Amino acid sequence: MNTILFVFAFLSSYTFHVISSATDFCVADLSLPKTPSGSYPCKPEANVTVDDFVFSGLVEGKPVAPFNSGLTAATVANLPGLNGLDIAAARVDIGVNGTVPIHSHPDASELIIIVEGEVTVGFITPAKAYVKSVKPSDVIVIPKGLLHFVINSGKGKAVTFGALSSSSPGVHVADYLLFGNDLSTSIVAQTTLLDEAQIKKLKDVFGGKA
């Protein structure tokens, strides 16, 4: 019996090794919907090419008003080889006096790598704000789900690169959540204690309805 169990265990481990070797990657088939796990089904390996693992678009992003910053990102949507790997990349170009507004990634932690200029980066907990001015070669980590921001605090343009622990990270921008939809001005005022006139002004900026 022990011999049979040993052989079974050996064959099981060998089978697992063969399966794991055959599934070193799962390139996303973007023509199909995501699975319940959040990943895409695998493209047939015969249809996979090296281009599924390369993205050439992490270039300077077009500045977005009113923040004067631009973003480009490599996610599973444009780099199918990221499927299931829990990683993505981003580049942010921040003009003089520009900002990356307060936002969060509910499903991803983030490493921010400063490559040009000087920025002030911070994240917020209910009890404390962690804020630091950082320069090229500095790296700062933002824990998953926490509100955070980046401000260009130098004299020229700033550039940062980011790595996120999701192949399709979600982004919740506080300004758009509060002022970019049809949540009524009165409810925003009651729940934030902001002045209604200021709320209406911000709704005009971010495309919300009164």
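F123 stands opposite Y130 in β6. The model is predicted, so side-chain atom pairs count only at pLDDT 80 or more. V119 has V134 as its bridge partner in β6. Both pairs of residues belong to one pairing: strand β5, residues 119-124, runs antiparallel to β6 over 6 bridges. A hairpin of 4 residues joins the two strands.

## The open sheet

Which strands make up the open sheet, and in what order? The sheet has 5 strands, ordered β6-β5-β8-β3-β10. It is open, and its pairing is antiparallel. β6 (129-134) and β10 (172-173) stand at the edges. Each has a single partner strand, so one side of each is left without a neighbour in the sheet.

In a regular strand, side chains alternate between the two faces of the sheet.

## The largest pocket

The largest pocket has a volume of about 530 Å³. Its lining comprises 27 residues. L71, V92, V100, H103 and V171 lie nearest the centre of this pocket. Six named strands each give two or more residues to the lining: β1 (69-74), β2 (88-94), β3 (99-104), β4 (110-116), β8 (147-152) and β9 (158-164).

What is the class make-up of the lining? It has 18 nonpolar residues, 8 polar and 1 charged.

## The disulfide

A search of the whole structure turns up 1 disulfide. It joins C26 to C42, with an S to S distance of 1.9 Å. Both cysteines sit in the loop between α1 (2-22) and β1, 16 residues apart. The torsion about the S-S bond is about -110 degrees, so the disulfide is left-handed.

Is C26 buried or exposed? C26 is buried, at a relative accessible area of 19%. The cut-off for buried is under 20%. C42 is partly exposed, at 46%.

## Aromatic pairs

The count comes to 5 aromatic pairs. One of them is F25 with F53. This pair is edge-to-face, with 5.4 Å centre to centre and 80 degrees between the planes. Both residues lie in the loop between α1 and β1, so the pair ties together parts that are 28 residues apart in sequence. F25 is partly exposed, at 35% relative accessibility. F53 is also partly exposed, at 36%.

Y176 and F206 form another pair. Their ring centres lie 5.1 Å apart and their planes stand at 80 degrees, so this pair is edge-to-face. It links distant parts of the chain. Y176 is in helix α2 (residues 174-179), F206 in helix α4 (residues 196-206), and 30 residues separate them. Y176 counts as partly exposed, at 37% relative accessibility. F206 counts as buried, at 9%. Ring pairs also connect these residues into a cluster, whose members are F67, Y176, F179 and F206.

## Backbone points

Where does the chain take a cis peptide bond? The bond from A65 to P66 is cis, with omega near 0 degrees. P66 lies in the loop between α1 and β1.

Which residues other than glycine have a positive phi? D86 is one, at about 55 degrees. D86 is located in the loop between β1 and β2. It counts as exposed, at 52% relative accessibility. The cut-off for exposed is over 50%. L193 is another, with phi near 65 degrees. L193 is placed in the loop between α3 (185-192) and α4. At 76% relative accessibility, L193 also counts as exposed.

Definitions and conventions
Residues are numbered from 1 along each chain as its sequence is written. This is a predicted model: local features need pLDDT of at least 70, side-chain atom pairs count only at pLDDT 80 or more; totals for chains, interfaces and linings use all residues. Side-chain values use heavy atoms; hydrogens and water are left out. Two strands pair if DSSP finds at least two bridges between them. On a 1 Å grid over the protein atoms alone, a cavity is a set of points where a 1.4 Å probe fits but cannot get out, and a pocket is an open set with protein on both sides within 12 Å along at least five of seven lines; lining residues have an atom within 4 Å of a point. Grid points are joined across faces, edges and corners, and a volume is the space filled by probe spheres set on the points. Ala, Val, Leu, Ile, Met, Phe, Trp, Tyr, Cys and Pro count as nonpolar, Asp, Glu, Lys and Arg as charged, and the others, Gly among them, as polar. A disulfide is a pair of cysteine sulfur atoms within 2.5 Å. Buried means under 20% relative accessible area, exposed over 50%, partly exposed in between (1.4 Å probe, protein chains only). Rings of Phe, Tyr and Trp (its six-membered ring) pair if their centres lie within 6.5 Å; planes under 30 degrees apart count as stacked, over 60 as edge-to-face and the rest as tilted.
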